[in-house]
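This briefing concerns a ligand and the protein that surrounds it. Please view the structure first, then read the points below.

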Amino acid sequence: MTNKSAIRVFDTAADVARAAAELFIETAAESTAERGALHTCLAGGSTPRAAYEMLAGKMGSRVRWPLVRFYFGDERNVPPDHPDSNYGMARRALLSRVPISDGHVYRMPGEKDAASAAREYDTLLREKLAENGNRFDLLWLGLGNDAHTASLFPETEALSLQERWCVENRVAKLDTERITLTYPLLNASRRIMFLVVGAGKAEALKTILAGPRDVARYPAQGIHPEAGELIWLVDKAAASKLPPGVAR
Ligand code: 6PG
């Protein structure tokens, strides 16, 4: 693993999705060859859906699906069949369409109260990741237009919690509880890929990559792998406010 970062700018959102799917396939090949499994943590929201759907299609024939273990970076405090469920989105777009082992999908129990769900998931993570050096091989992340990632929202308590890998997080501005992984586990990942598309994310992306450092206000700035790779996959619209020379 090397502590590398890269920002790759693509013409369209579909190009970003394809690049993410290709990186998933590449990482799966490396991880399964080296360690016999791929431990990957999925992102929620809407951006990753197109990449998940591509992997559910022809591209997925290149993946040894029974060797893939799926985790989630965050979840809304809702049951899995709720339209807002990140698990539900991933299941519809990918997990129900590829030959994975059901026992290898580790869902955050969003139907429970957030504190219980977080405690339960924290325990599961420590059990399942012990065989993989206590880290993900590939972490998928999105970026909110307020510079949040996972459910690490600006000025929220979860940003400062270091002891646990998964916590409940009260998001006052959304008047909701979330379940989210915290920086220590996220930053232990071997490879982290952000997927960012659309002009609506341009201001946030500029601030994250070229603005003043203030993790409390811009939580995605807190993502920097200890020893792994950080790869930004962005479209031209999201990159439209980046100063010259930032994207390479
Ligand atoms: C969530 C996600 C969140 C998401 C960003 C971007 O639960 O919403 O985990 O961090 O990645 O909000 O969302 P979009 O991809 O929908 O823009």
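In this predicted model, a polar side-chain atom of Arg178 lies 3.4 Å from an oxygen atom of the ligand, a polar contact (a pair of N or O atoms within 3.5 Å). The model is predicted, so local features need pLDDT of at least 70, side-chain atom pairs count only at pLDDT 80 or more, and totals for chains, interfaces and linings use all residues. Residues are numbered from 1 along each chain as its sequence is written, and side-chain values use heavy atoms, without hydrogens and water.

**Ligand contacts**
- An N or O atom in the side chain of Ser46 is 2.7 Å from an oxygen atom of the ligand.
- For Asp74, a side-chain N or O atom is likewise 2.7 Å from a ligand oxygen atom.
- Taken alone, the ligand exposes 410 Å², of which the protein buries 86% (areas by the Shrake-Rupley method with a 1.4 Å probe).

**Ligand surroundings**
- The ligand is surrounded by 15 residues, each with a heavy atom within 4 Å of it.
- The closest are Ser46, Thr47, Asp74, Ala150 and Lys201.
- This shell divides into two nonpolar, nine polar and four charged residues, where Asp, Glu, Lys and Arg count as charged, Ala, Val, Leu, Ile, Met, Phe, Trp, Tyr, Cys and Pro as nonpolar, and the others as polar.

**Salt bridges**
- The whole structure holds 20 salt bridges (a side-chain nitrogen of Lys or Arg within 4 Å of a carboxyl oxygen of Asp or Glu).
- One of them joins Arg191 and Glu26, at 3.6 Å from N to O.

Terms used: Polar contact = N/O pair within 3.5 Å; in protein donor to acceptor, adjacent residues only side chain to side chain.
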